[in-house]
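Good morning, and thank you for coming. Please look at the structure on the screen while I go through some of its features.

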Amino acid sequence: MEAAKKQSVTNQLLAVKTASGKTFSQLAAETGLTNVYVAQLLRRQAQLKPDTVPKLKEALPALTDELIGDMMSPPWRSYDPNLIQEPTIYRLNEAVMHFGESIKEIINEDFGDGIMSAIDFYCSVDKVKGVDGNNRVVVTLDGKYLSHSEQRTENMVSRLNLKGSTSE
């Protein structure tokens with residue numbers, strides 16, 4: 001999907017959301033999705049699955065079949081490189097850069113040498129009151145742990161299948 005088409009579809013989807021008067025969290029409650037995933041869907045950063053279509057159409061009746069079709073196509077994950085200048089994005093990036101090494105070390109201590117998946121991944125944003133009574137932002141990043149694997153020939157199915165095949 002070219003950038004101009006993605007932006008056009010995204011603008012239409014966000015206009016439907018705005019016209020509904022609903023927040024991402026309200027849409028999440030109505031669809032059973034996380035608030036961040038709803039935002040990802042409406043920004044064309046995630047793929048709408050067939051089982052979710054009826055719930056989303058009920059939550060946002062103004063969605064056209066064409067927009068639903070666009071949302072069901074594989075997402076074109078991209079972002080504006082200037083987005084880092086937006087204050088909230090800048091602070092999130094700053095937090096990951098500041099805490100990232102420590103988080104990585106704790107993951108490796110607790111799980112072993114590996115990473116957190118960004119594919120089998122859940123994310124949500126919640127509002128809570130702090131002990132001082134001030135509002136606090138809670139961003140939950142919930143990713144499946146993936147251990148690094150040694151790439152051994154005997155575990156490589158495609159190699160094993162190649163040994164048994166004959167060329168014509």
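Predicted model: local features only at pLDDT ≥ 70, side-chain atom pairs only at ≥ 80, totals over all residues.

Lys5 is partly exposed, since its relative accessible area is 36%; here buried means under 20% relative accessible area, exposed over 50%, and partly exposed in between, with a 1.4 Å probe and protein chains only. Residues are numbered from 1 along each chain as its sequence is written, and side-chain values use heavy atoms, with hydrogens and water left out.

What does Lys5 form a salt bridge with? The partner is Asp70, and the closest N and O atoms are 3.5 Å apart. The pair links distant parts of the chain, for Lys5 lies in helix α1 and Asp70 in helix α5 (residues 65-72), 65 residues apart. Helices are DSSP runs of H or I with at least four residues, strands are runs of E with at least two, and both are numbered from the N terminus. Asp70 counts as buried because its relative accessibility is 13%.

By salt bridge I mean a side-chain nitrogen of Lys or Arg within 4 Å of a carboxyl oxygen of Asp or Glu. Side chains of opposite charge can pair when their charged atoms come close. The whole structure holds 6 salt bridges. Among them is the one between Lys22 and Glu30, whose closest N and O atoms are 2.9 Å apart. Glu30 is partly exposed, at 40% relative accessible area.

Another joins Glu150 to Arg152, with 3.5 Å between the closest N and O atoms. Salt bridges with shared partners connect Glu150, Arg152 and Glu154 in one network.

Let us turn to Gln45. Is Gln45 buried or exposed? Gln45 is buried, because its relative accessible area is 14%. This residue sits in the loop between α3 and α4 (53-59). Leaving aside neighbours within four places in sequence, Gln45 is in contact (heavy atoms within 4.5 Å) with Lys6, Gln40, Pro75, Trp76, Arg77 and Ser78.

To review, Lys5 in helix α1 and Asp70 in helix α5 are 65 residues apart, and Gln45 has its place in a loop. Thank you for your attention.
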